Protein chains: 2
Amino acid sequence: MKLYGYFRSSTSYRVRIALNLKGLPYEQVPVHLVKDGGQHLTEAYRAINPAAAVPSLVLADGTVLTQSLAICDYLDDVCPQPPLLPSDPLGRARVRAFAQGIACDIHPVDNLRVLKYLGGPLGHDEETRTIWYRHWVTEGFRALEAMVAGNPSTGRYVHGDVPTLADVCLVPQMYNARRFNVDLTPYPTLCRLDQAARAIPAFAAAAPEQQPDAA
Amino acid sequence: MKLYGYFRSSTSYRVRIALNLKGLPYEQVPVHLVKDGGQHLTEAYRAINPAAAVPSLVLADGTVLTQSLAICDYLDDVCPQPPLLPSDPLGRARVRAFAQGIACDIHPVDNLRVLKYLGGPLGHDEETRTIWYRHWVTEGFRALEAMVAGNPSTGRYVHGDVPTLADVCLVPQMYNARRFNVDLTPYPTLCRLDQAARAIPAFAAAAPEQQPDAA
């Protein structure tokens with residue numbers, strides 16, 4: 001398998017963690033989101049992924065999979081061990097809701113393309129863009145902290161003592177928040193869970209600074 | 001089950017369609033997103049859903065489920081017929097990627113809370129907000145049209161001849177785009193698929209104008 005991604009992209013980071021957790025080997029093809037005006041915007045890359053987004057996972061037969069959460073679900077379908085989701089429907093719903101609290105509520109609004117639109121067509125300076133970034137992370141983290149703090153389903157990781165799709169989404173979003181110097185002290189449970197997950201080798205090996213295209 | 005939602009919210013609309021497809025009865029509790037400064041922002045509603053977002057599905061035992069796609073997956077887990085996803089992993093990945101092309105790439109950036117932030121703290125007028133809205137729909141629809149047009153897996157609906165989670169997400173997003181007068185002529189396949197799905201009684205009964213809280 002070939003993973004088209006970018007070391008600092010949190011959606012690429014999710015898929016790297018999932019592949020590592022499953023123990024699946026993959027070749028990385030770096031797509032630099034800034035260099036050359038954004039390598040993801042080229043015709044060559046759009047031919048692979050018409051959404052011009054990373055990551056894309058290309059299977060051995062050439063089939064292209066897109067959307068990080070859809071890719072994680074696919075990996076769970078074809079390689080069920082270790083599972084990324086609990087086996088009970090309510091547990092699965094809790095893990096998915098947590099993951100989507102990041103993948104739908106935080107990340108898309110703070111994505112590079114949105115920050116670029118704020119800076120370009122709307123003419124906002126870096127300070128305004130940083131306030132924007134922190135606003136949506138703060139809104140999202142407040143809700144996620146409320147979901148996990150004191151909840152009996154929360155364990156060493158977001159759901160019990162085995163890492164799930166929730167941790168796969170949490171760690172990259174926390175990395176991203178630290179890059180933008182978001183104050184994380186109001187989210188002690190998220191901080192604890194993030195730290196626990198990052199200590200797992202599959203997560204550690206997926207960290208941006210460990211990737212071949214890291215600056 | 002009780003569904004806290006808003007007639008015009010496209011995420012509530014998705015869950016209504018899924019519940020209708022499954023033939024599951026539910027009571028609607030309207031949460032008006034504009035009246036009273038936004039009923040979803042009250043402490044009473046935050047006690048149900050700390051993300052202060054609709055929809056929330058409250059089960060018979062009081063368990064609260066949040067995030068529309070996580071709710072759809074839960075419904076598929078506990079009530080597998082008719083399925084919202086194909087049975088093969090690649091088909092599932094295609095349907096999920098299409099659904100997330102809406103749920104992650106379009107909807108969150110064009111959500112009411114984002115438009116409110118553009119108008120409030122950033123002081124942009126309605127015209128700028130409309131251009132913003134159309135920009136992200138257009139970017140997203142271009143990618144989705146490329147996914148389905150001429151693809152042998154596309155049938156009467158997004159994936160084959162049975163409605164799936166992809167159609168559950170498409171129809172509300174198309175409704176939303178029409179509200180903002182987005183030119184849909186560049187997306188003939190999306191238009192055809194939307195029209196076919198809307199003709200299904202489960203979709204028709206979920207339409208915003210059919211809801212008890214419709215203006």
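Start by selecting residues 1-83 of chain A, which UniProt, in an unreviewed entry, lists as "domain: GST N-terminal"; such positions follow the numbering used here, names are shortened, and annotations may be inferred rather than shown by experiment. Before you click on, this is a predicted model, where local features need pLDDT of at least 70, side-chain atom pairs count only at pLDDT 80 or more, and totals for chains, interfaces and linings use all residues. Residues count from 1 along each chain as its sequence is written, chains are lettered from A in the order written, and side-chain values use heavy atoms, leaving out hydrogens and water.

Your selection is 36% helix and 17% strand, with its end C-alpha atoms 20 Å apart (helices are DSSP runs of H or I, at least four residues; strands are runs of E, at least two, numbered from the N terminus).

Next, pick strand β1 (residues 2-5) of chain A: 4 bridges tie it in parallel to β2 (residues 27-30) of chain A (pairing takes at least two DSSP bridges). A:Lys2 has A:Glu27 as its bridge partner there. On the antiparallel side, 3 bridges join β1(A) to β3 (residues 56-58) of chain A, with A:Leu3 opposite A:Leu57.

Now for rings. There are 17 aromatic pairs over all chains (Phe, Tyr or six-membered Trp rings with centres within 6.5 Å; planes under 30 degrees apart are stacked, over 60 edge-to-face, the rest tilted). Show A:Phe141 and A:Tyr187: their centres are 5.5 Å apart and their planes at 75°, so they sit edge-to-face. Finish on the cluster linking A:Tyr117, A:Trp132, A:Trp136, B:Tyr117, B:Trp132 and B:Trp136 through ring pairs.
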